[in-house]
Amino acid sequence: MVLTTAPTTPHTPTYNDLPVLLSRMTGDEKHEPSATSTLDVLWVLYQRVLNVDPRNPEAADRDRFLLSKGHGPMAYYAVLAAHGFFPVEWLDEFGQPGSPLGHHPDGALIPGVEIASGSLGHGLPLGVGLALGLRANGNDARTIVLVGDAELDEGSNHEAIVVGAAYGLDALTVVVIDNDSSSLGWPGGIARRFATEGWATVDVNGRDHDALTRALTTHHSGRPTAVVAAVEPRK
Amino acid sequence: MIMRDRFATVTSELLDNDPRVSLVLADISADRFAESQHQHPDRVINVGIREQALIGTAAGMAHSGLRPYAHSYAPFLVERPFEQLKLDLGHQDLGAVLVSIGASYDASDVGYTHHAPGDIALLDTLPEWTVHVPGHPDEVEAFLRAASQTDERVYVRLSENANATAHHRPDGGFQVLRQGTGPTVVAVGPMLDRVLAATAGLDVTVLYASTVRPFDGETLRFVLAEPAVVLVEPYLRGTSAPEVARALTDIPHRQLALGVPPHTARFYGRPRDHDAAYGLDVAGIRARITAFSPTDDHERYATHVTG
């Protein structure tokens with residue numbers, strides 16, 4: 001007997017599935033900016049970058065994705081549901097009592113979610129420790145942390161930016177979603193802040209899937225990577 | 001310094017023998033771990049003077065399966081990065097072993113910035129912390145070794161004050177050191193020797209507590225003669241008063257809580273000068289316990305308890 005086809009998931013998700021999934025949470029086609037600012041980056045991560053398996057979300061060799069900017073998690077939930085981490089029906093109960101899907105994600109409740117976020121400035125220090133720990137364990141998995149440009153206001157990030165570079169964590173990548181929402185801004189640009197400490201940096205269009213893929217899959221030996229993904233400024 | 005020395009020796013040995021153990025430092029005590037850092041560069045991490053990163057990094061290491069120890073002066077380990085303790089460890093359900101030095105005012109000569117009488121009261125606002133207040137270097141060693149075998153959130157509070165002998169129970173229960181018919185005095189960690197001196201000749205029961213969370217209310221109830229409890233804690237006074245109240249919910253009882261007052265005076269000097277100022281020297285403790293023990297009432301309370 002010859003097996004001619006490998007088992008496949010019943011439906012291969014496409015980017016065009018996302019608006020319908022988002023609408024299951026928001027009730028219409030209008031999505032708040034914090035939810036949609038991350039949408040393309042999340043899609044590219046789960047579709048083309050991360051080594052993660054919805055059938056085995058705790059696999060030891062999985063890439064670790066930490067959504068530090070937990071506010072407006074609808075895009076995250078839509079992408080996770082599209083990839084089969086949990087049933088799409090969960091989206092209908094978003095934010096309801098008893099639902100695992102809150103207005104900030106909680107790793108203790110949702111398959112495939114690594115951390116609970118909400119308070120800003122926690123994901124990057126956690127990611128630094130995670131990358132250090134994986135390296136100490138001889139585990140080649142990557143650690144990718146998503147933050148917002150306003151989240152970088154929190155000083156804890158700047159502690160971690162220095163530590164990550166000083167310890168040469170080249171398996172660590174930070175994606176900064178830049179929708180120009182930081183109240184006091186980043187003179188000279190966000191990338192410069194990382195580059196000063198020794199990070200490899202790249203500025204990309206946060207809606208350009210191919211550019212995001214290149215930026216998120218380029219390895220820089222001995223240095224962590226910061227990808228600054230610019231999207232439309234928040235109104 | 002002797003507890004701190006034992007911490008360095010034991011933790012270095014754990015790093016050598018257990019590939020799961022890691023250590024995160026924020027400059028404090030880094031000189032004591034220079035050799036360990038050289039031997040285990042992937043598992044001994046000095047983040048510099050960055051206490052938010054100290055806890056975040058430790059939590060991330062725990063996320064990867066390591067067993068992190070994190071260390072600094074108590075105010076910089078517990079108070080400054082308190083939200084990291086709450087969220088990076090507690091809310092992520094990750095464990096770490098926090099080892100502090102400085103206690104309430106060991107560094108009395110450098111002033112209030114280095115004092116942390118409120119550290120354990122702060123941890124009491126968070127669930128599921130085991131808190132050790134060792135009174136002897138041997139106890140420090142026992143707690144640090146035991147902590148390497150779990151994934152729990154553990155706080156080990158070191159002090160430059162120590163008792164002459166170790167008395168801890170490995171199971172974390174309170175040790176019965178003296179039994180009488182009067183009040184039960186709970187001496188925490190480094191307070192023991194002076195409590196024993198202060199209660200010499202008094203008809204009291206003395207319990208020794210070097211693990212205060214969980215609080216061994218069972219032993220307290222078991223030994224209780226007169227329903228009167230004196231807490232002698234080396235940190236914020238009354239920190240364990242709710243634990244005593246909880247243990248004795250169904251028993252009318254009196255309680256006296258001795259410890260460091262909420263405001264630490266704006267003065268320097270030696271720790272013993274602060275002890276005297278707060279009534280935590282032998283004379284002060286004895287005076288407070290004597291005043292708390294109205295001998296006329298002994299029989300009435302004893303009758304009530306035994307039924």
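**Close-ups of a two-chain model**

**View 1. One salt bridge crosses from chain A to chain B.** Across the interface of these two chains the rule turns up one salt bridge (a side-chain nitrogen of Lys or Arg within 4 Å of a carboxyl oxygen of Asp or Glu). Its partners are B:D42 and A:R135, whose side chains meet at 3.9 Å, N to O. Over all chains, the structure holds 25 salt bridges. The B:D42–A:R135 pair joins two chains because B:D42 sits in the loop between α2 (34-39) and β2 (44-46) of chain B, while A:R135 belongs to helix α5 of chain A. Helices (H or I, at least four residues) and strands (E, at least two) are DSSP runs, numbered from the N terminus.

This is a predicted model, so to speak of local features takes a pLDDT of at least 70, and side-chain atom pairs count only at pLDDT 80 or more, while totals for chains, interfaces and linings use all residues. Residues are numbered from 1 along each chain as its sequence is written, chains are lettered from A and ligands numbered from 1 in the order in which they are written, and side-chain values use heavy atoms, leaving out hydrogens and water.

**View 2. Here is where chain A meets chain B.** On each side there are 24 residues in contact (heavy atoms within 4.5 Å). About 2,000 Å² is buried between the chains, with carbon and sulfur atoms giving 57%; buried area is the accessible area (1.4 Å probe) that two parts lose on being put together, summed over both. Also across this interface, 10 residue pairs, both at pLDDT 80 or more, are in polar contact: a pair of N or O atoms within 3.5 Å, where within protein one must be able to donate a hydrogen and the other to accept it, and residues adjacent in sequence count only if both atoms are side-chain atoms. On chain A's side, α5 (123-136) and α6 (155-166) each supply at least two residues. The largest share, 10 residues, comes from α5(A).

**View 3. Now for the second largest pocket.** It holds about 350 Å³ of space. Of its 21 lining residues, A:E58, A:R62, A:E114, B:H63 and B:Q92 lie nearest the centre. On a 1 Å grid over the protein atoms alone, a pocket is an open set of points with protein on both sides within 12 Å along at least five of seven lines; lining residues have an atom within 4 Å of a point. Grid points are joined across faces, edges and corners, and a volume is the space filled by probe spheres set on the points.

**View 4. Finally, the largest cavity.** A cavity is a set of points where a 1.4 Å probe fits but cannot get out. The largest cavity has about 130 Å³ of space. Among its 15 lining residues, B:S104, B:Y105, B:D106, B:N161 and B:P234 are closest to the centre.
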